[in-house]
Amino acid sequence: MKTLEKTPTTGAPPREIPQRSAARYRVRRIAYKVVMYAILLGLTAIILLPVSWALTAALKPDLAPVFTPTPEWFPTEYWEWGNFRLVLTEVMPFLRYMINTMIIVTASILGVLISCSLVGFAFGRLRFRGSKVLFYVLIVTMLIPWQALIVPQFLLFVELGWYGTYLPLIVPSFTGVAFFIFLIRQYMRTIPRDLDDAARVDGLNTWQIFWRIILPLSTPVLTVCAVFTFLWRWNDLLGPLIYLDDGSKFTVALGLANLVTRADTPWNLTMAANLVTVIPTVLVYFFVQKKLIGGIASVGLKG
Amino acid sequence: MARKEQRAAYLFLSPWLIGLVAFWLIPIIGSLLLSFSEWNIIGDPEWVGLDNYRDMIDDRTFWVSIRVTLKYLLLSVPLYIGAGLLLSLVLNLKIRGINVFRTILFLPAVLSGVAVAVLWVALLNPDVGALNELLRSLGIDDPPRWLDSPTWAVPSVVLVGMWGIGGGAIIYLAGLQNISAQLYEAALLDGAGPWQRFRYVTLPMITPTLLFVLLTSLIEAFQVFDIAYVLSRGGTQGIGDSLQFYLINLWNEAFVNGEYGYASALAWVLVLAAAAVILVIFRTSGRWVYYEYDPERER
């Protein structure tokens with residue numbers, strides 16, 4: 001991405017300018033910058049003000065009105081930090097929900113990394129009969145909306161006795177996720193072939209080539225898959241909604257959705273719960289931002 | 001050697017092959033059979049032929065869900081594509097602090113649909129919500145009733161989605177940054193202004209990205225669930241069926257009403273609709289998508 005920083009921006013003023021209009025050009029460039037910063041700040045406000053409103057609401061005690069005639073965008077009057085403790089452990093079990101979700105997330109990431117790297121390696125670097133056909137099948141499974149399968153999958157998992165457990169949310173990850181297999185395949189194909197040949201000369205077998213050479217070189221794409229799996233599982237509502245019936249096993253998405261779907265939503269605590277449950281995703285986002293964006297860059301564009 | 005590699009390959013593929021059969025092939029055959037049956041989990045499924053598909057014709061809720069979904073699709077897809085592109089152009093500026101702005105504007109993309117929806121249920125409250133209070137203070141005495149209004153419910157979902165437009169912008173931004181600087185330099189030498197550079201360099205060069213975004217946003221429009229579920233409060237409150245999205249209806253039929261056969265038929269209609277859209281777009285994409293041969297991609 002470094003080399004691309006040089007790309008001139010669309011809309012930026014031209015570089016070569018006749019001498020006499022230099023002053024006018026400078027004024028125009030400053031005006032241009034002012035306008036752009038104004039736009040960026042406006043957009044930032046649109047994103048951050050609702051979040052800040054949520055924090056204001058989350059910090060209000062039970063008796064203070066959350067909805068005020070003039071919206072309170074910033075916390076000024078009330079600082080009821082105890083609300084966060086209430087939603088985590090006392091009034092609402094969001095700590096429990098977060099731990100539950102973490103269990104599902106961790107197991108799913110493990111499953112995705114193991115299965116998708118194995119399968120992606122086969123598709124990306126091994127020659128075998130039927131590889132073309134199977135790759136087409138993979139693409140088809142990627143394009144068909146997974147929701148189309150929720151009913152028969154549900155019936156299957158009920159039949160297996162997995163209803164009410166985390167197994168329906170975890171086990172499929174261990175058999176691979178088409179999109180991630182595709183990503184990993186694309187990535188592994190870009191690793192030079194000579195490496196394999198040299199390794200074979202050195203007497204490494206296919207497994208050793210995978211484990212010792214290709215896998216360590218694939219950490220960027222594996223990180224992207226892990227992060228996507230984290231976000232997808234942490235945020236998933238439909239899966240937990242279908243498979244979980246016991247309140248003590250709920251995930252954060254399900255717990256939150258239930259708060260709003262009841263009639264007497266306690267808005268201050270709901271906003272506190274909302275903020276608490278997005279902290280992990282925001283943290284992950286900040287840590288892997290660069291890699292994530294680079295990873296998305298490679299998705300639709302290398303083909 | 002080749003034999004050995006072949007055997008190894010299938011070993012490596014085995015997790016996926018198992019999943020393909022167990023979680024994909026068997027369910028898809030089951031789903032097809034179920035769509036021709038009536039079954040409420042107790043007893044044996046009863047073969048009813050095309051009845052489920054025929055029932056859709058007279059099912060009011062089905063048509064409502066089609067209407068709601070299409071309304072959302074027609075509103076959201078052009079808006080998200082246009083706004084995402086505009087935003088990415090702004091975020092592609094080379095000015096100081098742009099990385100901070102990028103970080104903030106991409107943020108909503110990682111938040112869950114549920115979290116975002118919970119926040120906006122409060123902000124969009126027609127009587128006491130912050131947005132309408134803001135509109136009233138700006139002199140609009142009769143602001144929209146958002147989620148409580150049959151007219152405004154779907155636009156409200158689109159509005160909430162707009163808040164997370166940064167996610168789409170990431171993909172465009174990647175596309176923009178892959179455009180070679182030489183093209184812009186050549187355009188500058190030819191005396192192209194900002195608009196011409198956008199029209200004749202940027203736009204053609206990001207058509208592959210546009211195709212990708214168009215496809216994913218169309219398919220996503222068929223699959224709206226989380227936001228609609230929360231914003232309609234589980235379909236229980238106030239607004240009737242103005243947020244009866246296709247998937248909400250499917251979920252209701254299967255998991256609330258226990259109509260597994262009918263829900264399977266609904267799922268197949270969804271698959272066929274998605275397949276038709278994908279096919280049409282791929283067929284017509286040759287006319288407007290520009291692929292540049294880039295030796296670097298062959299590395």
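This is a predicted model: local features need pLDDT of at least 70, side-chain atom pairs count only at pLDDT 80 or more; totals for chains, interfaces and linings use all residues.
Tutor: Axes are lines fitted to C-alpha atoms, for helices over the stretch in contact, and angles run from 0 to 180 degrees between N-to-C directions. Residues are numbered from 1 along each chain as its sequence is written, while chains are lettered from A and ligands numbered from 1 in the order in which they are written.

Student: What makes α5(A) oblique to α14(B)?

Tutor: Helix α5 (residues 150-159) of chain A packs against helix α14 (residues 260-288) of chain B at an angle of about 140°, and their axes are 8 Å apart. Angles under 35 degrees count as roughly parallel, over 145 as roughly antiparallel, 65 to 115 as roughly perpendicular and the rest as oblique; α5(A) is therefore oblique to α14(B). Helices (H or I, at least four residues) and strands (E, at least two) are DSSP runs, numbered from the N terminus.

Student: Which residues of α5(A) and α14(B) meet?

Tutor: Two residues are in contact if their C-beta atoms, placed from the backbone, lie within 7 Å. On the α5(A) side stand A:Val151, A:Pro152 and A:Leu155, and on the α14(B) side B:Tyr260, B:Ala263, B:Ser264 and B:Ala267. The contact divides into 6 nonpolar, 1 polar and no charged residues; Ala, Val, Leu, Ile, Met, Phe, Trp, Tyr, Cys and Pro count as nonpolar, Asp, Glu, Lys and Arg as charged, and the others, Gly among them, as polar.

Student: How many residues does each chain give to the contact as a whole?

Tutor: Chain A gives 79 residues and chain B gives 91. On the chain B side, helix α1 (residues 2-35) supplies the largest share, 20 residues. That side holds 63 nonpolar, 20 polar and 8 charged residues.

Student: Why is helix α13 (residues 246-256) of chain B called mostly covered?

Tutor: A residue is buried if 20 or more other C-beta atoms lie within 10 Å of its own, exposed if 12 or fewer, and partly exposed in between, with C-beta atoms placed from the backbone. In α13(B), 8 of 11 residues are buried, among them B:Leu247, B:Trp251 and B:Glu253. Their cover includes α5 of chain A as well as α3, α11 (207-222), α12 (226-231) and α14 of chain B. Buried residues form 40% of the 299 residues in chain B.

Student: Why is strand β2 (residues 42-47) of chain B said to lie largely in the open?

Tutor: Of the 6 residues of β2(B), the number buried is 0, so the strand lies largely in the open.

Student: Where in chain B is confidence lowest and highest among the elements?

Tutor: Confidence is lowest in β2(B), at a mean of 82, and highest in helix α3 (residues 60-91), at 93. Chain B has a mean pLDDT of 87, with 94% of its residues at 70 or more. Over residues 294-299 of chain B, pLDDT stays under 50. For the complex, the predictor gives an ipTM of 0.86 and a pTM of 0.86.

How values were computed: pLDDT is the predictor's confidence in each residue, from 0 to 100.
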